[in-house]
Structures are given as structure tokens and as C-alpha cells.
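Here is a short briefing on one protein chain. Look at the sequence and the structure before reading on.

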Amino acid sequence: MAQFSLTNVQETDEAPSASRWDKDIPNGSYTAVLIESDRVPMNNGNGDRLSLKFEIVEGEFAERWIWDGLNLWHEKETVAARALTDLKRICRAVGVTEMSDSSDLHDKPLSITVQTTIDPQYGKQVSIKAYAPVGRAAPAPAQPAAIATPEPAPAAPGKKPWEQ
């Protein structure tokens with residue numbers, strides 16, 4: 001429970017002001033970091049997925065979150081293989097060559113390509129379509145392309161790696 005004292009409240013007819021949080025994130029590439037990851041059961045019972053929460057760290061949409069899910073433990077091998085390919089793309093984009101836990105990918109900048117679609121059942125859906133190292137636009141998902149892992153440049157003192 002939260003206790004507080006609220007006094008001198010007057011009703012107003014003013015509409016709440018629009019903020020950057022009200023704007024849809026347009027299709028495009030954004031610098032982001034993975035801030036949360038967890039293995040969760042899929043709603044349809046076909047296995048588990050790796051739930052990923054990314055935060056955009058630059059530009060007008062900084063501090064906005066975008067979720068993705070990788071069906072790494074799906075009962076169909078082809079679905080799990082596709083998810084593993086995406087996980088490898090994320091690893092290459094952040095410069096991780098070996099990992100033992102998904103948290104090894106946290107707080108490392110990468111470029112994500114975001115696309116909005118309209119689903120007849122669920123409405124507007126924002127999804128991540130590609131991953132790439134920062135400074136390179138992610139390739140279109142339909143184009144198979146090798147993603148080279150660049151040598152990470154040292155960050156300037158007092159700056160985050162993506163603020164170089």
C-alpha cells in the first residue's frame with residue numbers, strides 16, 4: 001500500500017499532453033541493449049522460449065522497450081533451429097563468441113531493425129526483424145548475409161560504448 005496526502009485537487013478539462021511515449025516506434029534501425037532475458041513456457045504448450053526485452057538507447061525513442069522471443073526449446077526442430085540462428089545473430093552483433101547464460105548478452109549495444117505489422121487478431125505488433133553490430137544497419141531478413149564481428153572500439157572516458 002502507498003500512503004500519501006493529496007490536497008487541493010481541482011478538476012480540469014485539459015487533455016493530457018502528448019509525450020514521446022504515445023508515439024509508435026516507426027520502422028527502422030535503432031541502437032539498443034538487451035536488458036532482460038528469461039526462459040518462459042510458451043502459451044500454446046509447444047515448449048519454452050527465450051523472452052528478450054530490449055531498450056532503445058539513442059534518439060527520439062531512447063528508453064523505449066521492445067520485446068522479442070526466441071523459440072529455442074520448441075518441439076519442432078525447424079522452429080528451434082530458426083530461433084538458434086537468431087540467437088547467433090545477436091551474439092555476433094554484440095561480440096559474444098561463447099556464452100553460458102543469456103545474461104552474457106545484456107547491456108551490450110547492437111542495432112535492431114524494427115517492423116510494425118497489423119495482426120487481425122492482436123492488432124498492431126512491433127517486432128524485431130534483424131540484428132547487426134552498432135554502426136551497421138541490420139540486413140533485410142530475407143537476404144542471407146554474413147555478419148562480421150568488428151573489433152570493439154574503446155569507449156571515451158566517461159561515455160557508454162554506444163556514445164562514442
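How much accessible surface does the chain have, and what share of that surface belongs to carbon and sulfur atoms? The accessible surface comes to about 11,300 Å², and 49% of that belongs to carbon and sulfur atoms. Accessible areas come from the Shrake-Rupley method with a 1.4 Å probe; for residues, only the protein chains shown count as cover.

This is a predicted model, where local features need pLDDT of at least 70, side-chain atom pairs count only at pLDDT 80 or more, and totals for chains, interfaces and linings use all residues. Residues are numbered from 1 along each chain as its sequence is written, and side-chain values use heavy atoms, with hydrogens and water left out.

**Overall layout**

- Helices (H or I, at least four residues) and strands (E, at least two) are DSSP runs, numbered from the N terminus.
- Along the sequence, the pattern reads β-β-β-α-β-β.
- The chain has 164 residues, and 29% of them count as buried. Buried means under 20% relative accessible area, exposed means over 50%, and partly exposed lies in between (1.4 Å probe, protein chains only).
- Take the contacts in the chain with a separation of 6 or more: 46% of them join residues 24 or more positions apart. A contact means heavy atoms within 4.5 Å.

**Confidence**

- The mean pLDDT of the chain is 83, and 70% of the residues score at least 70. pLDDT is the predictor's confidence in each residue, from 0 to 100.
- Over residues 142-149, pLDDT stays under 50. The model has 11 contacts for this stretch beyond four places in sequence.
- Where pLDDT is low, the predicted coordinates should not be read in detail.

**The nonpolar core**

- In soluble globular proteins, nonpolar side chains tend to be buried together.
- The largest nonpolar core holds 25 residues. Such a core is a set of buried Ala, Val, Leu, Ile, Met, Phe, Trp, Tyr and Cys residues joined through side-chain atoms within 4.5 Å.
- F54, L70, I90, L105, L110, I112 and Y131 touch the most other members.
- Two or more core residues come from each of β1 (28-41), β2 (47-56), β3 (65-74), α1 (77-94), β4 (109-119) and β5 (123-132). The most come from α1, which gives six.
- Leaving out residues up to four places away in sequence, I112 touches G28, S29, Y30, A32, I66, I128, A130 and Y131.

**Salt bridges**

- Side chains of opposite charge can pair when their charged atoms come close.
- The chain has five salt bridges. In each, a side-chain nitrogen of Lys or Arg lies within 4 Å of a carboxyl oxygen of Asp or Glu.
- One of them joins K124 and D24, at 2.5 Å from N to O. K124 is in strand β5 and D24 in the segment before β1, so this pair links distant parts of the chain, 100 residues apart. K124 is partly exposed at 46% relative accessible area, and D24 is partly exposed at 46%.
- Another joins K53 and E36, at 3.4 Å from N to O. K53 lies in strand β2 and E36 in strand β1, so the pair ties together parts 17 residues apart in sequence. K53 is buried at 8% relative accessibility, whereas E36 is partly exposed at 43%.
- D48 and R39 also form a salt bridge, at 2.9 Å from N to O. D48 counts as partly exposed at 21%, and R39 is partly exposed at 45%.
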